[in-house]
Amino acid sequence: MKNDVLEKDGMKKIDLQSLTLYIGAVAILIIFTVVCRLAGKNFLTFGNIQNVITQSSVIAVIAIGQSVVILTGGIDLSVGSTVGFVGILGGLLIKSGMPIGVVCLLLVVTGILIGACNGALISYGKIPAFIVTLGSLQIIRGVTMVLNSGKPISGFPEGLKAIMNTKIFGMPISILYVFILYAIMMTIMTKTRLGRWIYSIGGNAKAAKLAGVKTKKIEVYSYIISGIFAAIGGILLLSRLSYADPNAGSGYELDSIAAVVIGGIAMSGGKGNIGNTLVGALILGMLKCGLQILNVPVYFQTIIIGLAIITAVFFDKAKERRAE
């Protein structure tokens with residue numbers, strides 16, 4: 001299906017949107033490099049760049065699913081608690097002696113089930129996405145605490161650690177994971193009917209329905225995709241830390257939304273390039289890394305990142321008003 005909304009508001013504006021985003025990323029890089037130099041510290045080092053990418057990789061992966069949901073005009077607040085749940089569940093299964101590969105597969109299935117429940121309640125139950133996923137956030141976090149009485153799990157085999165902490169040609173393997181996952185999802189979103197339907201629902205759900213798109217089913221699929229990427233993010237975090245914490249993933253829902261918004265995807269849905277979400281996640285990572293190097297207190301870091309999100313939304317809305 002060739003959708004007018006997609007052609008007019010989505011793909012044709014990608015180049016300009018991407019260029020603006022890349023300029024913004026370079027500007028942030030330059031600003032932090034200069035400020036850190038003046039402060040007698042070094043921001044632009046190979047180690048720091050590796051650290052930013054590694055630290056951003058989990059959020060970047062989770063943000064792929066969040067992007068898909070937001071492109072339909074929805075939102076998924078349950079991704080952070082899914083990360084924590086997957087970590088504890090995976091930890092318990094690995095400690096029980098189950099092979100790591102089987103555990104990873106079961107955790108992805110868990111993500112699918114969580115996403116399917118969210119999507120069914122939102123699409124067929126006609127409950128607002130914000131309410132459903134906020135409720136899921138609380139329920140999943142509560143179940144996570146119950147699973148191991150709120151205690152962390154440690155002492156995992158080296159095989160788990162190797163998933164995330166291996167290096168290829170001196171570079172963290174997390175970079176490879178991120179690029180492969182983004183390449184797969186960008187292909188789906190731009191080359192398949194599913195991707196076009198997701199854009200069309202976010203652009204104009206009624207028009208998409210009249211055009212024959214099964215909007216409810218596609219909406220459920222979008223939450224399933226979000227659940228899958230949240231589960232993968234949870235597996236990567238479990239591997240990177242080699243430690244399962246029931247509080248892991250707290251705040252990741254906001255970080256993933258921030259990466260999507262900074263990446264230029266409209267919160268109203270139907271507009272934006274999922275590839276730019278990766279740049280948004282890296283910008284978020286650069287902000288956090290730069291502020292940490294400058295020894296900015298955590299609460300001020302939160303304020304600055306919050307301001308960055310509001311600024312991104314402000315410019316997005318301003319662009320929409322100009323277009324009207």
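Helices (H or I, at least four residues) and strands (E, at least two) are DSSP runs, numbered from the N terminus. Ser-57, for example, is found in helix H3 (residues 46-71).

The structure is a predicted model: local features need pLDDT of at least 70, side-chain atom pairs count only at pLDDT 80 or more, and totals for chains, interfaces and linings use all residues. Residues are numbered from 1 along each chain as its sequence is written, and side-chain values use heavy atoms, with hydrogens and water left out.

**Exercise 1. Find the salt bridge and say which helices it joins.**

Step 1. A salt bridge is a side-chain nitrogen of Lys or Arg within 4 Å of a carboxyl oxygen of Asp or Glu. Side chains of opposite charge can pair when their charged atoms come close.

Step 2. Search the whole structure. The search finds 1 salt bridge.

Step 3. Name the partners. Lys-288 pairs with Asp-255, and their closest N and O atoms are 2.8 Å apart.

Step 4. Lys-288 lies in helix H13 (residues 274-293) and Asp-255 in helix H12, so the pair ties together parts that are 33 residues apart in sequence.

Step 5. Check the cover. Buried means under 20% relative accessible area, exposed over 50%, and partly exposed in between (1.4 Å probe, protein chains only). Lys-288 has 26% relative accessibility, so Lys-288 counts as partly exposed. Asp-255 has 15%, so Asp-255 counts as buried.

**Exercise 2. Decide how far H12 is enclosed by the rest of the structure, then examine Glu-253.**

Step 1. Count. In H12, 10 of the 11 residues are buried, so the helix is largely enclosed by the rest of the structure.

Step 2. List some of them. Among the buried residues of H12 are Tyr-252, Glu-253, Ile-257 and Val-260.

Step 3. Locate Glu-253. The residue is found in helix H12 (residues 252-262).

Step 4. Look for a charge partner. Lys and Arg count as positive and Asp and Glu as negative; His and the chain ends are not counted. Glu-253 is buried yet has no salt bridge. The nearest side chain of opposite charge is Arg-141, 5.3 Å away.

Step 5. List the contacts. Contact means heavy atoms within 4.5 Å. Leaving aside neighbours within four places in sequence, Glu-253 is in contact with residues including Gln-66, Asp-76, Ser-81 and Leu-137.

Step 6. Look past the helix. Gly-264 follows H12, and its phi is positive, near 95°.

**Exercise 3. Are Ser-57 and Thr-82 buried or exposed? Find what each one touches.**

Step 1. Take Ser-57. Its relative accessible area is 1%, so Ser-57 is buried.

Step 2. Find its contacts. Not counting residues up to four places away in sequence, Ser-57 touches Met-164, Ser-174 and Val-178.

Step 3. Take Thr-82. The residue sits in helix H4 (residues 79-95). Its relative accessible area is 2%, so Thr-82 is buried.

Step 4. Find its contacts. With neighbours within four places in sequence left aside, Thr-82 is in contact with Ile-114, Ile-140, Ala-230 and Ala-231.

**Exercise 4. Describe the nonpolar patch on the surface.**

Step 1. Patches are made of residues with over 30% relative accessible area and no salt bridge: like charges are joined within 9 Å, nonpolar side chains (Val, Leu, Ile, Met, Phe, Trp, Tyr) within 5 Å. Accessible areas come from the Shrake-Rupley method with a 1.4 Å probe; for residues, only the protein chains shown count as cover.

Step 2. Name the members. Leu-121, Ile-127, Phe-130, Ile-131 and Leu-134 form the patch, with about 420 Å² of accessible area together.

Step 3. Find the main source. Helix H6 (residues 129-147) gives the largest share, 3 residues.

Step 4. Check one member. Leu-121 belongs to helix H5 (residues 100-123). Its relative accessibility is 42%, so Leu-121 counts as partly exposed.
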